[in-house]
Amino acid sequence: MGAEYTLAELAARCGGELRGDGGVRLRGVATIQNAGPGSIAFLANPHYRKFLATTRASALILSETDAEGCALPALITSNPYLMYARVATLLAPEPPARRGVHPAAHVDPKARVAADAWVGPGAMVEAGAEIGARASIGPNCVVMERAKVGEGSRLVASVTLCHGVEIGRRALLHPGVVIGADGFGIARDKAGWFKVPQLGSVKVGDDVEIGANTTVDRGALEDTVIEDGVKLDNQIQVAHNVRIGAHTAIAGCTAIAGSAVIGKRCMIAGGAGVTGHIEICDDVTVTAMTLVSHSITEPGVYSGSLPMDSAPQWRKNSVRFRQLDSIARRVADMEKKLKD
Amino acid sequence: MGAEYTLAELAARCGGELRGDGGVRLRGVATIQNAGPGSIAFLANPHYRKFLATTRASALILSETDAEGCALPALITSNPYLMYARVATLLAPEPPARRGVHPAAHVDPKARVAADAWVGPGAMVEAGAEIGARASIGPNCVVMERAKVGEGSRLVASVTLCHGVEIGRRALLHPGVVIGADGFGIARDKAGWFKVPQLGSVKVGDDVEIGANTTVDRGALEDTVIEDGVKLDNQIQVAHNVRIGAHTAIAGCTAIAGSAVIGKRCMIAGGAGVTGHIEICDDVTVTAMTLVSHSITEPGVYSGSLPMDSAPQWRKNSVRFRQLDSIARRVADMEKKLKD
Amino acid sequence: MGAEYTLAELAARCGGELRGDGGVRLRGVATIQNAGPGSIAFLANPHYRKFLATTRASALILSETDAEGCALPALITSNPYLMYARVATLLAPEPPARRGVHPAAHVDPKARVAADAWVGPGAMVEAGAEIGARASIGPNCVVMERAKVGEGSRLVASVTLCHGVEIGRRALLHPGVVIGADGFGIARDKAGWFKVPQLGSVKVGDDVEIGANTTVDRGALEDTVIEDGVKLDNQIQVAHNVRIGAHTAIAGCTAIAGSAVIGKRCMIAGGAGVTGHIEICDDVTVTAMTLVSHSITEPGVYSGSLPMDSAPQWRKNSVRFRQLDSIARRVADMEKKLKD
């Protein structure tokens, strides 16, 4: 189903240095340990170097160092994982391009759908919405009033875009994504809470990928903004008026509270939290399950998770955490006494 | 599209004290820094006081203190944020009221749908379900057998109500919400796990808002209960037989385990966890990413997150956490020696 | 609506030891405190023993110890909770079996749907997909190309199965579940990130239950695997190439990062995190909100959450956490001085 290329053709298209027989024909990618004839494998993690001698792959993608003593035809590159991604993209079967509006879709006459876009069965496109060229609105997606989907973007299935949100070009939104639901705005009233109307929208840039069941809320007065090239994993919550800088990647189950501003090229690991109204500068890495409780102004790596232990050990130490201030004071006291 | 009011009319309807020209006409709300003519802005956070002198808003919502020396027409109030919410609600364009059953909806003949309710395209209403007056069942929602939706409630889109769940009046359920899926009930069996039937339901009170992709499970034998005025943000998990007291607000990604009972007027921040079978009294605040591991019997603020640090600093301290009990013992030993 | 059994019949079918009048007729299960005539209640938690004397249940499920001095007809068993689950399953009204393809479903002519399977309104079954005998594809579910659903499995509503994923027999997938969305695979490129094609699939075994809005990503090159009898609660994220061993149970909001391998019969509590590329052996229990940051090779219980405290206490101790390494060094210094 997929394409077939010679190794020389792959080198020409993907940019690696060809070593060995450029005429070998390749039809797919595989892991180095499970590859078979006709496939090209890659080596990025030294842990897998042991399979170099025995792999049945027809060709390899390798760093210069790993290439020494390797007899197989290869592409040599300083970044084998990236090269692998390019090769895999070339070799992978393209999902069939679909176009037209499925008879079981519901497109409002006041919506604009590009002639070569696709709207799948059960999908709704409401009045004033715009679906760009080659965009794909999968089964059971809901695109509400005046929402816009840019050229070549794909809503896989059961994605909801609320009224007026704008998605850039070449976006990929996985099933269950919700963009533009009301932000969590409530004002204390005598009787309980009074809802604060959420009048902003959401602007999502170009080349953004958003994972399954992730939610991005609309702004309260101004917009929530996801800049170009941002990659969001599954089950992430992005609150109202957050801004996520270009090319930042965030892993699953992370929660970003309202009005937080995250810089460009940041990497935030899974299960993390970002407090509202703080700012994270460019090029910051946050490790898993860390609560970013205040602004970060210096690039670097930040952490705040507790180390795991066997439960009995953890219990003993954990109890002491609640005595930590007292312990610190007693240490200072003793130091004073010892000094006197 | 929205309404237009004079400042005097807003004062009369929203209850603030009018100061300056009551005849100024207002068509919308805006942030103080980006407001333009015809809009009313508010000042609640002292951080934004600097924009008072230069704002282009036609009127302001201010506290008595901030109003001193402000030349613009204004509404004076002790709670500008609440007043803003009321004004914004008046000025915001109402979503158009829709009524009737869309031809692409699927309503079982044994369901009851109020004449002025709306059932959107792709929505399903199964046998025995009841949709109240002016309620709105958005596109692709599923209302299963015998589920009830109260007067004026709105299921935005792709919301699922499982069989028999009951939603009160004026509820707002955002896309992807699931109410009444089976609770996580499993009994150890030799071969693995035996499913415990989940025979209870879910009762949601009046004036409840539930954020995108939040889930509330049905009870095992009795019901899971969300009382009046509760506000739930996105991506929250409420397990079976939980009870959440009136006017409690819970932020995104928090997980409430089975049979936990949460009091009234509590505020639980994002990414928190509440252990099963415990009780939290009224008026408790829990800060972000705190695990409520035991019952709370006194109102107040509770915390349990680890402070973030640069990764090298964090690593040094984190390693010591696992020695904490030993450190505490050694401190006590030394104190004893010093005393002797 | 449900079935009616005598206590003797329940004993015969569910395996408990009958004590007292086996002829009492039972139509339902109830909690011991709220039971009425015609119902059978169980006692598993000693906390509820106080209701033994006053319960209005017609029969009870009890341990040998609790049965002493109990006058009501009873089933005696070493595991009352399991016995209750069996009895409740017998007595609970079966959801009505439905079959056939609803006229508002969209089944591709190249899909195969068993004659006694059900495809509900708004559900999509794409080309090459296979729906097994007695399987049930609820309203608004999407079963993409070549996906397979085994015999007797049930997708409740609005479940999405991406292309090629395979679900075993007797699975129960709750609303909003997404199986087989792309894993979070991105390679650093000069301009930002390059998407790594996700070419693997997801294989889900037999007797698996997956909670509302849980997501399981497809593998990068090989498959993500959920073995037989695994039980996943709501809002869980399972990343690409994870393997979860048979009969493991995972509670809500837990995140499992890519390529993690989890053993058999593990129990992972809610809000936990599992780091990528690590291994957890069989029979491990992880407590709530613990980050499993490295492999676990010994069965047992593991923890890593911070204890909750009142906010002022917590603040004092929390500040000291950042001095922990310094405190430890100072303690060692003093010990040395005292020894000298």
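**Exercise 1. Determine how much area chain C and chain B bury between them, and which residues of chain C lose the most area to chain B.**

Solution. Taking buried area as the accessible area (1.4 Å probe) that two parts lose on being put together, summed over both, chain C and chain B bury about 5,800 Å² between them, with 65% of it on carbon and sulfur atoms. On the side of chain C, the residues that lose the most area to chain B are Met308(C), Phe321(C) and Arg322(C), which together make up 13% of what that side buries. If contact is taken as heavy atoms within 4.5 Å, 68 residues of chain C and 70 residues of chain B take part.

This is a predicted model, in which local features need pLDDT of at least 70 and side-chain atom pairs count only at pLDDT 80 or more, whereas totals for chains, interfaces and linings use all residues; side-chain values use heavy atoms, with hydrogens and water left out. Residues are numbered from 1 along each chain as its sequence is written, while chains are lettered from A and ligands numbered from 1 in the order in which they are written.

**Exercise 2. Find how many salt bridges cross the interface of chain C and chain B, and state which element gives the largest share of the side of chain C that touches chain B.**

Solution. A salt bridge requires a side-chain nitrogen of Lys or Arg within 4 Å of a carboxyl oxygen of Asp or Glu, and by this rule six are found across the interface of chain C and chain B. One salt bridge brings together the side chains of Glu126(B) and Arg98(C), at 4.0 Å from N to O. Turning to the elements, where helices (H or I, at least four residues) and strands (E, at least two) are DSSP runs numbered from the N terminus, the largest share of the side of chain C that touches chain B comes from α5(C), with nine residues.

**Exercise 3. Identify which strand of chain B joins β40(C), and in which sense the two run.**

Solution. Two strands pair if DSSP finds at least two bridges between them; here two bridges join β39 of chain B, residues 300–303, to β40(C), and these strands run antiparallel. Within this pairing, Tyr302(B) stands opposite Ser310(C).
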